[in-house]
Amino acid sequence: MTATDTTRAVAPEHGTLAKAADENFPVAPFFLPRAWRTDLMAVYGFARLVDDIGDGDLAPGGADARLLGVPEDRADDRLLMLDAFEADLRRVFDASDGPPRHPLLRGLVPTVRRRALTPEPFLGLIAANRQDQLVARYETYDDLLAYCELSANPVGRLVLAVTGTSTPERIRRSDEICTALQIVEHLQDVAEDLGRDRIYLPAEDMKRFHVQETDLAAPTANASVRALIAYESGRARDLLNEGAPLVGSVHGRLRLLLAGFVAGGRAALRAIAAADHDVLPGPPKAGKVHLLREAGVVLRGEG
């Protein structure tokens, strides 16, 4: 392998992992044990890369395509890239076809072995991104929940698996939190998603509140859009409240991490409300003071 080839192989890995600093929620905060941080970053690398493939946000130059064995002239074919990525993921769990080709997936192998992780959560995240290429609108809230089952819930399940705290009840609570956080993100990103020709607001709810797609393309939200965003915010808040007992079911540093997730969702919802539910100019963001205040409420079990 030449020096140029080595740069091509390493650069995508570093570029993808560097995005952790820009996420809404801490991926592997400093207060966690080092072993947990290592494994959570390995899982994050997978999740971030599959999202980048699905969103067409890969680094220019085609390095990821070459690593996955996709011809450079087809690197923009997201479904083909997702298929190749899934094939490489399967090498993580079955090396009979050789080790994974992508460095992020090679880095995932020790984590999978240490934590006895199964393929299902990873396959769910790939399926969600595949669905994004085929489905741009959701008719009902149940349809959206089914999408969140693929796009969000696997992340929480992986956190529980990495930390060795999975139980059926905790998984149920985690699913509620993760679905809520996904809905909150969709509410924050209505304008951005529309730019990708995606709408995650259920069509039946848009009809109920007399919201047209053209209303979502306006610089600011009209009264109908604000009412719709308030309604969906309430649904997300209810899910967060249902899932919040997960925090009290664990101890130590994991409790701090999970409290941060719940607090982040609640703080984001407060920021949306503070903007009078007008998310169209850009995603309302919560400040650190509000986030810390919400975290304290969660840790005390007061909300």
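Which residues in H7 meet which residues in H9? This is a predicted model, in which local features need pLDDT of at least 70 and side-chain atom pairs count only at pLDDT 80 or more, whereas totals for chains, interfaces and linings use all residues. Residues are numbered from 1 along each chain as its sequence is written, and side-chain values use heavy atoms, with hydrogens and water left out.

**Helix pair**
- From H7, Tyr141, Leu144, Leu145, Tyr147, Cys148, Glu149 and Ser151 meet Asp175, Thr179, Gln182, Ile183 and His186 of H9, where contact means heavy atoms within 4.5 Å.
- These contact residues of H7 and H9 divide into 6 nonpolar, 4 polar and 2 charged, with Ala, Val, Leu, Ile, Met, Phe, Trp, Tyr, Cys and Pro taken as nonpolar, Asp, Glu, Lys and Arg as charged, and the others, Gly among them, as polar.
- The axes of H7 (residues 141-151) and H9 (residues 168-188) come within 9 Å and cross at roughly 110°; axes are lines fitted to C-alpha atoms, for helices over the stretch in contact, and angles run from 0 to 180 degrees between N-to-C directions.
- H7 and H9 are therefore roughly perpendicular to each other, a term that covers angles of 65 to 115 degrees.

**Overall form**
- The secondary structure comes to 16 helices and 0 strands, which are DSSP runs (helices H or I, at least four residues; strands E, at least two) numbered from the N terminus.
- Along its principal axes, the C-alpha trace of the protein spans about 60 × 45 × 30 Å.
- Of the 303 residues, 48% count as buried, meaning under 20% relative accessible area with a 1.4 Å probe, protein chains only.

Notes:
Angles under 35 degrees count as roughly parallel, over 145 as roughly antiparallel, 65 to 115 as roughly perpendicular and the rest as oblique. Buried means under 20% relative accessible area, exposed over 50%, partly exposed in between (1.4 Å probe, protein chains only).
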